[in-house]
Amino acid sequence: MSMIAAFYGGKAILITGATGFMGKVLMEKLFRTSPDLKVVYILVRPKQGQTLQQRVFQILDSKLFEKVKEVCPNVHEKIRAISADLNQNDFAISKEDMKELLSHTNIIFHCAATVRFDDHLRHAVQLNVTATQQLLLMASQMPKLEAFIHISTAFSNCNLKHIDEVVYPCPVEPKKIIDSMEWLDDAIIDEITPKLIGDWPNTYTYTKALGEVVVQQEGGNLNIAIIRPSIMGATWQEPFPAGKGFLRSIRATPMAVADLIPADTVVNLTLAVGWYTAVHRPKSTLVYHCTSGNLNPCNWGKMGLQVLATFEKIPFERAFRRPNADFTTNNITTHYWNAVSHRAPAIIYDFYLRLTGRKPRMTKLMNRLLRTLSMLEYFVNRSWEWSTYNTEMLMSELSPEDQRVFNFDVRQLNWLEYIENYVLGVKKYLLKEDMAGIPEAKQHLKRLRNIHYLFNTALFLIAWRLLIARSQVARNVWFFIVSFCYKFLSYFRASSTLNV
Ligand SMILES: CCCCCCCCCCCCCCCCCCCC(=O)SCCNC(=O)CCNC(=O)[C@H](O)C(C)(C)COP(=O)(O)OP(=O)(O)OC[C@H]1O[C@@H](n2cnc3c(N)ncnc32)[C@H](O)[C@@H]1OP(=O)(O)O
Ligand SMILES: NC(=O)C1=CN([C@@H]2O[C@H](COP(=O)(O)OP(=O)(O)OC[C@H]3O[C@@H](n4cnc5c(N)ncnc54)[C@H](OP(=O)(O)O)[C@@H]3O)[C@@H](O)[C@H]2O)C=CC1
C-alpha cells in the first residue's frame, strides 16, 4: 500500500495554477492515486468567454483524464472550482468561498505563476511575488493546514553557476520591490528593470527568486517546502517547430547540459514532498531540486541528434522542410543559418502563397520563432550544477511501493525513449495526426529531400556559370576539370575494350 496515496485520502487540497501545464498533470496524478481524497479546490479565473465550470469540464474531457474517470467516476464532484484572480486583492474570492477554503484546506500546492520570460516587471511581481505573499497570509489563517508546497524553478538562481538547495537572498528586499510597484508608473519601471534584475536574464527568473525569499521570510510557523524543477517538457514549445522543419538551426552550445525533466517526475516529487512535509514537519523550509543534469546528464548536441533520429522514425505530416539540427555558437554563422535556413525559405513560401492567391503567413511565424529562440539562448548556452541532497534524502525515505508509484529517480530515465514518447504524444494529441499516415509522411520527407538537392544543384550551377563568365581562374579550373573527366573516361573505355 502506498503511504503517500493513503496520506492524501480524505484530504482537502488547494491548487493554484490547476489549469496550467503542471497543474493538470498534478491533479490527474492526485485523483488517480488517491481517488478517496475529499475535495480539490482550484483557484480559477474565467477566461476566453468560458465559465469556471466549462474550464473544468474541458480539463476533465481531455485525454489526460481518461484513466481518472475510470478510477474516480465522481471526479467532477470532487473538484471545487473557486472563482479567483491572483492579480486582485484577496484574489477577488467571495466571502463564502474564502470561509470554506480557510476552514477546510489541509494541503496547498502553489503552482500559479506568470512563466513568460518577457513579462512586464509589474505583472511578474504581482503574480510571482505579491500573490505568493497573499497566499501565505491566507495559509496562516487555515487551522487545518498541514503543508504549503511552493513551486519555483531551478533557474530562480541562474545568475549562479552552482546552486544548492537553499534560498538565496536577493539584492533588493522583495517587500521593497512590492511597495515600489505600487507607486512607480510603467515608464519608470521599464527604465529601472534592467538595473533591478541585474544578472538575472529576465523578469521571470528574477521574480521567481523574489517569490522564494517571500516564502522563507513570511512562512511563519507553516510547514513549507519549495520545489525547483528545471525545464519541464512543454517549456521548449514542444518539438513541433523542429519536427515540421521550421526550426533547423539554433545558437546553442552542443556540450551544454540540457536539463530537461519530465512533468510526471516533477509531479511525483511534488506529491512526495507534500506528504513528507506534512508528516515529518522538517524544522526549516526544505528546497528540493528536480533536475536531471547531475544524475543523468544529456547535452543539447545529443538531444538534437536524438530528436532528429526520432523524426526519421516518427515524422510529422506535411512538414515545411526536412528536420535538421545545426548547432552554432558563432554570431556570423547564426546570422547565416537564420538567413539561409529560416528567413529565405519563409520568404519563398510566402511568395508561393501570394502567387496561389493565399494569405502569406510564414515570414510572420518565422519572426516569432526566431524571437522566441533568442529568448532561450541564455539557457541553451550555459550549464548549471544543482545539488540534490534533499531530493535524494526524500527518495531514501520512501517505501519501495512509493518509490514505484511516485518515482522521481531521474537515473532511470532513458532519454531516447523519453524523446520518442514525447514526439509521439505531440503527434497524436497536439497535432492530432494518425499513425497510419507515417508512410505518407516519410514519402513527403523524401520529396522534400529531392527538392532540396535539386534546388542546391541548380543554385550551384547558376553560381558557377556566373563565375566562369567573370573570372579567368574559374574558367581555367573548369577546363581542367572537364579535360580531366574526359581523359579519365577515355582511359576507362580503352581499358574495358582491352579486357574484352
Ligand atoms: C535545431 C533543432 C534542434 C531541436 C532540439 C533542440 C530544441 C531546443 C529548444 C531549446 C529549449 C530551451 C528551453 C530553455 C528554457 C529554460 C526555462 C527555464 C525554466 C522555467 O521555469 S520555464 C517556465 C516556462 N516558461 C516558458 O516556457 C515561457 C517561454 N515563453 C515565453 O516567454 C513567450 O512565449 C516568448 C518566448 C516571450 C514569446 O512570446 P510571444 O512572441 O509573445 O509569443 P506567445 O507567447 O504569444 O506565443 C506564440 C505561440 O507559441 C505558443 N507557445 C508559447 N509558449 C509555449 C510553450 N511553452 N509551449 C507551447 N506553446 C507555446 C503560444 O501558445 C502561441 O501560440 P498561438 O497558437 O496562440 O499563436
Ligand atoms: N513549465 C516549465 O517548464 C516550468 C515551470 N515551472 C514552474 O511551475 C509552475 C507551473 O508552471 P506551468 O504549469 O508551466 O505554467 P502555465 O503557464 O502552464 O500555468 C500557469 C497557471 O497559473 C494560472 N494563473 C496565471 N495567472 C493567474 C491569475 N491572475 N489568477 C489565477 N490564476 C492564474 C494560469 O491560469 P489560466 O489558465 O487562467 O491562465 C495557469 O493555471 C510555475 O510556478 C512555474 O514557474 C518551473 C520550472 C519549469
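**Exercise 1. Thr33**

Task: find which residues Thr33 touches, not counting residues up to four places away in sequence.

Solution. Thr33 touches Ala5, Val405 and Phe406, where contact means heavy atoms within 4.5 Å. This is a predicted model: local features need pLDDT of at least 70, side-chain atom pairs count only at pLDDT 80 or more, and totals for chains, interfaces and linings use all residues. Residues are numbered from 1 along each chain as its sequence is written, chains are lettered from A and ligands numbered from 1 in the order in which they are written, and side-chain values use heavy atoms, with hydrogens and water left out.

Thr33 is found in helix α2 (residues 21–33). Helices are DSSP runs (H or I, at least four residues), numbered from the N terminus. The Thr33 side chain also reaches the backbone oxygen of Lys29 at 2.6 Å.

**Exercise 2. α7 against α8**

Task: state how helix α7 (residues 121–139) and helix α8 (residues 174–183) pack.

Solution. Start with the geometry. The angle between α7 and α8 is about 125°, and their axes are 10 Å apart. Axes are lines fitted to C-alpha atoms over the stretch in contact, and angles run from 0 to 180 degrees between N-to-C directions. That makes α7 oblique to α8. Angles under 35 degrees count as roughly parallel, over 145 as roughly antiparallel, 65 to 115 as roughly perpendicular and the rest as oblique.

Then list the contact. From α7 come Leu121, Arg122, Val125, Val129, Thr130 and Gln133; from α8 come Pro174, Lys175, Ile177, Ile178 and Met181.

**Exercise 3. α7 against α10**

Task: describe the packing of α7 and helix α10 (residues 203–218).

Solution. The angle of α7 with α10 is about 20°, with axes 9 Å apart. α7 and α10 are therefore roughly parallel to each other. Residues of α7 in the contact include Leu121, Val125 and Gln133. On the α10 side, Tyr204, Leu210 and Glu218 are among them.

**Exercise 4. Ligand 1**

Task: identify how many residues surround ligand 1, and which are the closest.

Solution. Ligand 1 is surrounded by 28 residues (a heavy atom within 4 Å). The closest are Val115, Arg116, Phe117, Thr153 and Tyr204.

Now take the polar contacts, pairs of N or O atoms within 3.5 Å:

- A polar backbone atom of Phe117 is 2.9 Å from an oxygen atom of ligand 1.
- A polar side-chain atom of Tyr204 is 2.7 Å from an oxygen atom of ligand 1.
- For a polar side-chain atom of Arg368, the distance to an oxygen atom of ligand 1 is 3.3 Å.

Conventions:
Helix = DSSP H or I, 4+ residues; strand = E, 2+ residues; numbered from the N terminus. Polar contact = N/O pair within 3.5 Å; in protein donor to acceptor, adjacent residues only side chain to side chain.
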